[in-house]
Amino acid sequence: MRRRTPFTAFDPAAVSPWNVQIDGLGFGGDYNPEQWPAEVRDEDVRLMREAGVNVLSVAIFAWATIEPREGELEWGWLDDTMDRLHEAGIQVALATATASPPPWLTRRHPEILPRLADGTVLYQGARQAYAVTHPLYREYALRMTTRMAERYGDHPALALWHVDNEIGCHVPRDYSESATAAFRVWLVARYGTIERLNEAWGTAFWSQRYATFEDVLPPLVAPMFANPTQQLDFDRFSSDALLDYYRDLRDTLREITPHVPTTTNLMTTSATKGMDYFSWADDLDVVANDHYTIASDGERHVELALSADLARGVAGGDPWILMEHSTSAVNWQPRNRAKLPGEMLRNSLQHVARGADSVMFFQWRQSRAGAEKYHSAMLPHAGTGTDVWRGTVELGTTLQRLGEVRGSRVVSRAAVVVDYPAWWAAELDSHPTQDLRYMEEVRAWYSALWHQGVTVDTVPPYADLDGYDLVVVPTLYLVDDDGAANVARAAERGATVAVTFFSGIVDEHDHVRLGGYPGAFRDLLGVRTEEFFPLQVDERVGVTGKAVGGDATADLWTEKTLVRDGTEVVAAYDDGALAGHPAVTRREVGAGAAWYVGTRLDPAGLASLVGRLVEESGVAPDVAAPAGVELVRRRTADGATTWLFALNHTDDGTTLDGLTGTELITGTAVEGSLALPPGAVRVVRAAASH
Ligand code: GLA
C-alpha cells in the first residue's frame with residue numbers, strides 16, 4: 001500500500017461542525033434526483049419543506065451521470081439540485097460520487113475489478129466493483145473527488161463530505177493482484193523483515209517458511225486451513241486498505257476545502273465484521289452510521305440499540321449521525337416486512353436516545369427502477385396519502401421538538417468490551433468448536449444488560465475504563481498485554497469485571513499464551529483451565545449456583561477450570577463430563593471484583609447472573625420500568641440538564657413514577673409520573689442533574 005506523509009496542515013478545531021447551520025437535529029436522507037426527470041425536483045423540494053427536511057446526502061451513486069463518457073462532464077443537474085436545496089435551507093452531505101464506477105471505466109480497465117479468494121472476478125453491473133488498492137482506480141477516484149471538491153467546495157449548501165458509501169460493504173476482502181501487492185507492502189511495514197513475519201505467523205508449522213515477501217499471498221483457497229495468522233493479518237490489512245482509501249479521498253478533500261468536515265457511513269451492525277471501526281475513528285470528523293432492522297430478529301430493537309451504541313463507541317461518546325435507516329421495508333432480506341405503525345418513529349428516536357444528532361434515511365423518494373425499487377423511502381410509490389409519508393412528516397415535527405438535545409451525551413456507567421481483531425481471530429477455522437460466533441456472545445450479554453435497563457457503552461479493550469463500575473468482556477479471544485492490563489486495572493480500581501469463556505487465549509499474533517487458559521486473564525480471575533470441552537450442537541449441561549438463579553443450563557462451551565486460593569466458585573456443572581467443576585467464579589481484586597464465566601448460560605441463567613453483577617456494581621437504573629420499556633438518558637456536558645428517553649416497545653401502556661420535568665413531544669409538564677402509551681416514546685427534560 002502506498003505510504004503517505006501524515007496530513008499536517010489540517011486543524012480539526014478549525015473545521016466547522018458539520019451541522020452548523022441546522023437549528024436542532026438533522027433530518028433527511030439520500031437524495032438521488034438523477035433517477036428522475038428534472039420536473040420532479042420542484043415537487044421534491046416542496047415536500048421536503050413540508051416534512052421539515054434539513055439535510056440530504058447527494059450524488060452517492062452519480063459518477064456515471066456526472067461523467068457518462070470519460071472526460072465528458074454533465075454538471076447541470078447537480079448544480080441545479082445544489083442551488084435548489086440551498087434556497088430551501090437544506091444542507092448537503094455531498095458524496096465523492098465514487099461508490100460505483102461507471103461501466104466505461106471497468107470495461108476499459110478490467111484490472112481494477114476485485115476478486116474473491118477463489119479468483120472469481122466481481123464484475124460491474126451492480127455497484128462497488130472496484131479494488132480500492134488498485135493505483136489506477138485510485139487515480140480515477142481521486143480525480144472524481146477533486147472535481148467534486150473544486151466544483152462545490154464553496155457552495156453554500158455544502159455542509160459535509162460523504163466519502164464513497166459504506167466502504168467495504170460488498171467487498172470487505174479483495175484478493176486481486178493489486179490487493180496482493182498492497183498486502184505485501186503492508187506486511188513489510190508491519191514486520192520489517194521476512195524473519196519476523198515467519199516468527200509471527202509460526203511458519204515452521206507445515207513447511208510454510210517464506211524466503212521473501214514476494215512469496216507471500218493473501219489467504220487464497222487452499223487445500224486445507226490457511227495459516228491462521230496469515231488470515232488474521234489479511235483481515236487487518238483489508239480493514240486498513242479500506243481506511244487508506246477513505247483517507248486518500250479525505251485528504252484530497254481537505255486540501256481543497258479545509259473548512260468542510262468529512263465522514264463516511266459505517267455499518268456497525270452485529271453482522272458487519274469486515275472493518276475495525278474503532279481504528280477508523282480518528283479519521284472521521286463526525287461518525288456516521290447506517291442501520292437496518294432485521295425482520296427475522298424478534299428483538300430487533302435490542303439489536304438496533306447495540307448498533308447505535310457501537311456507533312457511539314466509535315465516536316468516543318460524542319454525538320453521531322444516523323446517516324441511513326428505513327421508513328419501512330428493505331429489499332435485501334429474504335422476507336422484507338413493512339414496519340408497523342409507530343415503529344419507524346420509535347426506531348428513529350431510539351437512535352437519538354443513544355446519541356444520534358441527526359436522523360436520515362435511505363432514501364428520499366422510492367425508486368421506480370433498479371434493484372432497490374421495493375426498498376421503502378420517505379416518499380413512497382403510493383405518494384403522500386400514505387402512512388409512510390404521514391410518518392415522515394410526523395417524525396420531522398417530532399425531531400424539531402427534540403432539537404435541544406443536540407450536542408448532549410449519553411449517560412452510562414457500564415461498558416461492554418468489543419474488539420474487531422478478537423472477533424476475526426475468534427472465528428478462524430481449526431478451533432475447538434466451529435459453532436462460536438463472537439457477536440452472538442456480545443449480543444447475549446448486551447441483551448441481558450438491556451433487559452435490566454442498563455445503558456452500556458461499547459468500547460475497545462484499550463479504551464479508558466475509568467468511568468465504568470461494570471465492565472463486561474465477552475469472548476475476548478485475542479488480546480494484547482496492554483489490553484489485558486487495562487481490564488485488570490478496572491477491577492483493581494473498583495469495578496466489577498466479568499470475563500467470559502475463550503478470552504485472553506492468544507496474543508496479537510494468534511499465539512497461545514502458555515501455562516493454562518485464559519492466559520491473559522488467569523491472574524486477574526484466579527483460575528486456570530487445562531482443557532476445553534465444547535459441546536455438541538444439541539448438548540446441554542446443568543449449572544447450579546445461586547448466582548445463576550439456582551439451576552441453569554449451558555450450551556456451546558464448557559471447560560475444565562481449576563481455581564486458586566481466594567477464588568470463589570459461584571456456580572458449578574452438575575452433570576456431563578465436568579460435573580462438579582467450576583462454571584462461574586468470582587475473586588476480589590483490589591477495590592473491585594473479577595468474575596469468570598466459563599460457559600454459555602441459557603437466557604434465564606444469564607439474566608440472574610447479570611442481575612447479580614448489576615447489583616454488585618451499583619449500575620441499576622434509578623427509574624423503574626416494566627419489561628420492554630427502554631430508558632436512556634442524555635445529559636449536557638455540565639450535567640445541568642438531562643433528557644430521559646422512554647421508549648415503549650410493548651403493546652401495553654404504562655406509567656413511570658418518580659419523574660418530574662417537561663415532556664418535549666407532547667409539550668406537557670410531568671409532575672411525579674409519566675404516562676407512556678403502547679409503542680410510544682416520551683422525552684422528559686429535567687433541570688436537576690442525575
Ligand atoms: C445501504 C446503502 C444504500 C442502500 C441501502 C439499502 O445502506 O448505503 O445505498 O443500498 O443500503 O438498505
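Pro-518 sits in the loop between β14 (496–500) and α16 (522–525). The model is predicted. The points below cover backbone geometry, helix packing, cavities and a pocket.

**Backbone geometry in loops**

- A cis peptide bond also joins Phe-362 and Gln-363, where omega is about -5°.
- Gln-363 belongs to the loop between β9 (356–361) and α12 (387–401).
- Glu-166 has a phi near 35°, which is a positive value in a residue other than glycine.
- The loop that holds Glu-166 runs between β4 (158–162) and α6 (177–191).

**Helix α1 against helix α3**

- Helix α1 covers residues 40–51 and helix α3 covers residues 76–87; their axes come within 11 Å and cross at roughly 25°.
- Angles under 35 degrees count as roughly parallel, and α1 is therefore roughly parallel to α3.
- The crossing of these two helices, α1 and α3, is right-handed.
- On the α1 side the contact is made by Arg-41, Asp-42, Val-45, Met-48 and Arg-49.
- On the α3 side the partners are Trp-77, Asp-80, Thr-81, Arg-84, Leu-85 and Glu-87.
- Sorted by class, the contact of α1 with α3 has 6 charged, 4 nonpolar and 1 polar residues.

**Helix α10 against helix α11**

- Helix α11 spans residues 343–353, and α10 packs with α11 at an angle of about 30°, the axes being 9 Å apart.
- At that angle, α10 and α11 are therefore roughly parallel to each other.
- The crossing in which α10 passes α11 is right-handed.
- From α10, the residues Arg-300, His-301, Leu-304, Ala-305 and Ala-308 take part in the contact.
- They meet Glu-343, Asn-347, Gln-350 and His-351 in α11.
- The residues of the contact of α10 with α11 comprise 4 polar, 3 nonpolar and 2 charged.

**Helix α14 against helix α17**

- Helix α14 (residues 438–451) and helix α17 (residues 603–617) pack at about 65°, and their axes are 9 Å apart.
- The crossing of α14 past α17 is right-handed.
- In α14, the contact residues are Ala-444, Trp-445, Ala-448 and Leu-449.
- In α17, they are Leu-606, Leu-609, Val-610, Leu-613 and Val-614.
- The contact of α14 with α17 has 9 nonpolar residues, with no polar and no charged residues.

**Cavities**

- The structure holds 5 cavities of 30 Å³ or more.
- The largest cavity has a volume of about 120 Å³.
- Its lining consists of 15 residues.
- Val-132, Val-171, Pro-172, Asp-174 and Leu-242 are the lining residues that lie nearest the centre of the largest cavity.
- Helix α8 (residues 228–256) gives the largest share of the lining of the largest cavity, with 4 residues.
- By class, the lining of the largest cavity is made up of 9 nonpolar, 4 polar and 2 charged residues.
- The second largest cavity contains about 70 Å³ of space.
- The second largest cavity is lined by Thr-293, Ala-295, Ser-326, Ser-328, Ala-329, Val-330, Gln-333, Asn-336, Arg-337 and Lys-339.
- In the lining of the second largest cavity, 5 residues are polar, 3 are nonpolar and 2 are charged.

**The second largest pocket**

- The second largest pocket has a volume of about 1,000 Å³.
- A total of 45 residues line the second largest pocket.
- Nearest the centre of this pocket lie Ala-315, Gly-316, Gly-317, Asp-318 and Arg-409.
- Among the helices, α9 (277–280) and α10 (300–314) each supply at least two residues of the lining of the second largest pocket.
- Among the strands, β8 (320–324), β10 (409–410) and β12 (456–459) likewise each supply at least two residues of that lining.
- The lining of the second largest pocket divides by class into 23 nonpolar, 11 polar and 11 charged residues.

Terms used: Residues are numbered from 1 along each chain as its sequence is written. This is a predicted model: local features need pLDDT of at least 70, side-chain atom pairs count only at pLDDT 80 or more; totals for chains, interfaces and linings use all residues. Side-chain values use heavy atoms; hydrogens and water are left out. On a 1 Å grid over the protein atoms alone, a cavity is a set of points where a 1.4 Å probe fits but cannot get out, and a pocket is an open set with protein on both sides within 12 Å along at least five of seven lines; lining residues have an atom within 4 Å of a point. Grid points are joined across faces, edges and corners, and a volume is the space filled by probe spheres set on the points. Ala, Val, Leu, Ile, Met, Phe, Trp, Tyr, Cys and Pro count as nonpolar, Asp, Glu, Lys and Arg as charged, and the others, Gly among them, as polar. Axes are lines fitted to C-alpha atoms, for helices over the stretch in contact, and angles run from 0 to 180 degrees between N-to-C directions. Angles under 35 degrees count as roughly parallel, over 145 as roughly antiparallel, 65 to 115 as roughly perpendicular and the rest as oblique. A crossing is left-handed if the near helix is turned anticlockwise from the far one by less than a right angle, and right-handed if clockwise. Contact means heavy atoms within 4.5 Å.
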